[in-house]
Structure formats: C-alpha cells, structure tokens
Amino acid sequence: MPSEDGAAAPPSSLTPKVYDCGESAVLVEFDVGYSKSISLAILQISQRLHGSHLEGYVESIPAASSLTISYDPLVLSRESLVAAIESACAMPPGTSAGGRLWTIPCVYGGASGPDLGDVAREAGVSEAEAAVLHASQTYVVSMLGFLPGFAYLVELPERLRLPRRATPRPRVPAGSIAIASGMTAIYPLESPGGWHLIGWTPVPMWDVSRQEEPLFAPGDRVRFEAVDAQQAEALRARVAEGWVPAPEAAV
C-alpha cells in the first residue's frame, strides 16, 4: 500500500539470509532485488539495530538489497546477533526511514548540466520542465558508495529514468548532479562517471575539514531547489567560508 508520499510502503516482513563476512561481520541478504520499499525496510532494520544499544554491535552498512553488520565477537555472539537481526526484521514497518531533511541548491542545465537537453528530449518535455520534475521529488538516501560521500538517492520520477550514458565521461566535476535509472546523485569528488549530468551544486558532499563526514547519511531525505548561476556563485563564496545548509530535524 502506498505511504503518504505516494511511495510504496516497506514490506510487512523480510526473510534474512545471514552469511559470515570474516570473524567480526555478517552479510544479511534479503534475496529480493532492489526496490525503494525494500531499501526503506533495510534502512529501518539498520536503524533498529543501531538504536538497540546491543552490546558488541559496532555498525551496519546498508546496500541496495543487503546489510553488512560489524560486531565484536568477544562481546557479542553470532547467535545473539542473528537473533537481534531476525527480531528487527520481524517488527512492523514504518512509513519512513527517518533521517534529516536537506535542501540542496542546484543550477540546472547549461554548462552546469550539459545532459539536461538530451534528458528532456528523451522525456518529451522542455529543459525547464525536466528541471521542475527533478526538483519536485523528495529523495531518500538509500546507501553510500562508489566514492566517499557518494549518496544514492531514490526515487527519480518515471519520466526522467534513462539508462546510463553509452559512453562514460573520464572526468565529471565535483558537485555535478546526475541521474541514471531510478536514482539521482551528487558527485562528491571529480571522477569518471557514466550518469547524465543535469545540474551542479556548490554544496560539498565530502570535506575532510568537517567534523562529520559525509554530508548525507543513509535514511536522510533530500530536496533540490533551483537557483541561478549568480545565486550559486554567492553560495560558493559562503561555502568557502565554511557554510553548509542546515538540515531539518530528523523525522
């Protein structure tokens, strides 16, 4: 059944398969493939384990359809950990993964988003309409990976969904906002990349001088707010002075 924001609700329960991952971690697979509802359920299970204050639990790392959990085997037995995992999986699902709400300024199109025109043509809309579509959604950080601070944000509006570019770029500028398949993301660092570049933000996703890294965490929600190039340059100057947008409280 859809939740209040129109997204599919997490499934009522998940059947985990637990595999050893060395002597101090387990990999929990849910054997269901990727979907937003499953991703939300995995985030909720991760948050339940984190909030359980289970002695010997270290951390959990969500992925598209699995969860890696680190623990101290001298304090917490594997059997007790698996029992906690199964208990977390059996709890009724919520309608939200919780997390903070971020609003990220974005310059759409032009030199900041060289693929926006192609994306708009594929979607059958104007560039302005494609930008509005992208900014109309509140995305959920389902996982981190690929690069430090690279957050996979679900779930992109249907009309904007395209496969990755046939030819990846050898260099994608840091701050580029991109889309591919059902996701959008912000490149935290300059790197090669095969996603479609539709915009750019001056807000750094990865900055080692900050106390907490990266900016986003799994379960956070993200909105994009269109700004023009002049506003972006003003924000870039503020970023140089240490400014980052403040998130709204966890929900």
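Searching the whole structure turns up eight aromatic pairs; rings of Phe, Tyr and Trp (its six-membered ring) pair if their centres lie within 6.5 Å, with planes under 30 degrees apart counted as stacked, over 60 as edge-to-face and the rest as tilted. Keep in mind that this is a predicted model: local features need pLDDT of at least 70, side-chain atom pairs count only at pLDDT 80 or more, and totals for chains, interfaces and linings use all residues. Residues are numbered from 1 along each chain as its sequence is written, and side-chain values use heavy atoms, with hydrogens and water left out.

**Aromatic rings**

- A pair of aromatic rings is described by the distance of the centres and the angle of the planes.
- Trp 102 and Phe 216 make a tilted pair, at 5.8 Å centre to centre and 55° between the planes.
- Trp 102 sits in strand β5 (residues 101–108) and Phe 216 in the loop between β12 (196–200) and β13 (221–226), so this pair ties together parts that are 114 residues apart in sequence.
- Both Trp 102 and Phe 216 are buried, meaning under 20% relative accessible area, while exposed is over 50% and partly exposed lies in between (1.4 Å probe, protein chains only).
- One aromatic cluster is made up of Phe 146, Phe 150, Tyr 152, Tyr 187 and Trp 195.

- Helices (H or I, at least four residues) and strands (E, at least two) are DSSP runs, numbered from the N terminus.
- β5 has seven of its eight residues buried, so it is largely enclosed by the rest of the structure.
- β5 and β13 run parallel and are joined by six bridges; two strands pair if DSSP finds at least two bridges between them.
- Ile 104 has Phe 224 as its bridge partner in β13.
- With β12, β5 pairs in the antiparallel sense over two bridges, and Tyr 108 has Gly 199 as its bridge partner in β12.

**The four-stranded sheet**

- Here's an open sheet of four strands, in the order β1-β2-β4-β3, with antiparallel pairing.
- β1 (17–20) and β3 (57–62) are at the edges with a single partner strand each, so one side of each has no neighbour in the sheet.
- From one strand to the next, the twist averages 20°.
- β2 (residues 25–29) pairs with β4 (residues 66–71) in the antiparallel sense over five bridges, and Glu 29 has Ser 66 as its bridge partner in β4.
- Helix α1 (residues 36–51) lies across β3 and β4, running at about 170° to β3; axes are lines fitted to C-alpha atoms, for helices over the stretch in contact, and angles run from 0 to 180 degrees between N-to-C directions, with contact meaning heavy atoms within 4.5 Å.
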